[in-house]
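Here are my notes on this one, as numbered points. Have the model open while you read.

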Amino acid sequence: MSVSPDDALVAQAQAGSARAFSRLRRLAGDWAEADELAQQAFVAAWTHLARFQHGRDFRLWLCGIAYRKFLAARRASWRRRRREELVAVAADTGTLASPDDRLDLRKAMAALPDEQRAAVALCLAAGYSHGEAAETLGIPLGTVKSHVQRGRAALLAALGGDHE
């Protein structure tokens, strides 16, 4: 297993380096997001304080929580950007006849929940199989199938189409 630059910063911060911790804080993208992640880490630490093993270094434990919160936020941000890209591609590559039809589709797509919109964009607009969409989105196959079915029904209802 390789060591990433982030891992080295975490190790330095765990050893007490305020400079390394400051650099980790900047990884979040901005100070407000870093502060939000720090707050989440402290709330998680408080919530799970009973799990803390006496004799361990509390600072190490807390830094581990903070780093996991950062990684989860980074993954969520990536998934959100990916969904937005897929929706944009679906709306732009649609075969709808008029600009008004495309605008109506964009509005109807925007009204869908995020994961449902992503599944619809992948399967109905981009031609992905349900399995490929499940892998891309990191969700179970059955969930993708449900999202596509419900999303398609919602789009048809919004656009006044036939459900068959």
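1. Where is glutamine 12 found? Glutamine 12 sits in helix 1, residues 5-14 (helices are DSSP runs of H or I, at least four residues, numbered from the N terminus).

2. Before going on, a word on the ground rules. This is a predicted model, where local features need pLDDT of at least 70, side-chain atom pairs count only at pLDDT 80 or more, and totals for chains, interfaces and linings use all residues. Residues are numbered from 1 along each chain as its sequence is written, and side-chain values use heavy atoms, leaving out hydrogens and water.

3. Back to glutamine 12: its relative accessibility is 40%, so it counts as partly exposed (buried is under 20% relative accessible area, exposed over 50%, partly exposed in between, with a 1.4 Å probe and protein chains only). Leaving aside residues up to four places away in sequence, glutamine 12 touches Ser17 and Ala20 (contact means heavy atoms within 4.5 Å).

4. The salt bridge count is one (a side-chain nitrogen of Lys or Arg within 4 Å of a carboxyl oxygen of Asp or Glu). It pairs arginine 117 with aspartate 114, at 2.6 Å from N to O. The two are three residues apart in helix 6, so about one helical turn separates them. Arginine 117 is buried at 12% relative accessible area, while aspartate 114 is partly exposed at 37%.
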